[in-house]
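Let's take a friendly walk through a protein model. Keep the structure open beside you as you read.

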Amino acid sequence: MSNSDVFLGEVIGTAILILFGAGVVAAVVLNYSKAKDSGWVVIAFGWGFGVLAGAYTAAPLSGGHLNPAVTLGIAVDTGDWDQVPLYIAGQMVGAMLGAVLCWLVYFAQFQANAEEEIAQPTLGIFSTAPAIRNPVANLITEIIATIGLVLPILAFGLTKGLGESGTAVLVVAFLVVGIGLSLGGPTGYAINPARDLGPRIIHALLPIPNKGTSDWSYAWIPVVGPLIGGALSGVIFNAAF
């Protein structure tokens with residue numbers, strides 16, 4: 001894959017992922033949305049469909065990593081680091097672009113939210129936050145949840161039929177839904193540094209009225225935890241398979 005294909009594929013695919021993922025959260029939490037209060041299951045499936053759409057779109061160009069933890073896990077397993085910076089750069093740009101697109105889609109709802117007597121916090125639309133703030137526990141959760149993502153992705157590559165049939169991405173999308181339902185409660189399952197950091201930067205920059213804090217004191221956990229989980233997945237896969 002050429003450098004330009006890798007970068008463009010990751011930008012487009014990650015932008016679609018975040019547009020769908022942040023979009024479903026906005027749909028559920030913002031006032032005057034038709035999906036208001038539809039719940040966690042809807043959010044989990046929305047993120048899964050975001051993976052489905054983004055990865056299938058990016059696959060012909062870049063393979064559709066869409067996640068620095070996945071890129072890191074593959075690099076640790078294969079020893080091929082040449083295009084890792086390019087993948088991560090594309091993922092970060094795409095994540096920020098997707099966050100801007102989500103804001104544009106829900107622009108009227110963001111404005112109406114600010115006019116409420118008690119404005120709904122907006123950071124959760126863009127990035128994750130823990131249910132209970134405990135840095136050690138939160139970090140461990142993100143590490144384990146990311147292993148639950150990246151190690152199966154690496155193993156799926158051993159199943160020849162998945163690749164030949166083109167259903168590997170579909171299986172990964174359902175895997176993300178499962179992680180959200182089973183492991184997402186403690187931290188909101190970032191499991192992807194670009195997915196959390198890129199939109200958090202955009203949240204800090206966008207002119208969203210009464211948007212509240214971007215919670216930078218927590219921002220390192222959904223970056224470091226998934227990176228550790230991705231690297232450990234590569235080590236485990238390399239040793240076990």
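Here we look at the core and then at one helix.

This is a predicted model, in which local features need pLDDT of at least 70, side-chain atom pairs count only at pLDDT 80 or more, and totals for chains, interfaces and linings use all residues. Residues are numbered from 1 along each chain as its sequence is written, and side-chain values use heavy atoms, with hydrogens and water left out.

A nonpolar core is a set of buried Ala, Val, Leu, Ile, Met, Phe, Trp, Tyr and Cys residues joined through side-chain atoms within 4.5 Å. Buried means under 20% relative accessible area, exposed over 50%, and partly exposed in between (1.4 Å probe, protein chains only).

| Core | Size | Residues include |
|---|---|---|
| Largest nonpolar core | 45 residues | Trp-47, Phe-110, Ile-125 |
| Second, separate core | 5 residues | Leu-139, Ile-143, Ile-221 |

Helices are DSSP runs (H or I, at least four residues), numbered from the N terminus. Beyond its neighbours within four places in sequence, Trp-47 is in contact (heavy atoms within 4.5 Å) with residues including Leu-17, Val-176 and Tyr-189.

Now for helix 7: its 22 residues reach 32 Å from first C-alpha to last, close to the 32 Å expected. That expected span is 1.5 Å times one less than the number of residues. Among the buried residues of helix 7 are Leu-139, Ile-143 and Leu-149. Helix 3, helix 9 and helix 11 (221-240) are included in what covers the buried residues of helix 7.

Terms used
Helices (H or I, at least four residues) and strands (E, at least two) are DSSP runs, numbered from the N terminus.
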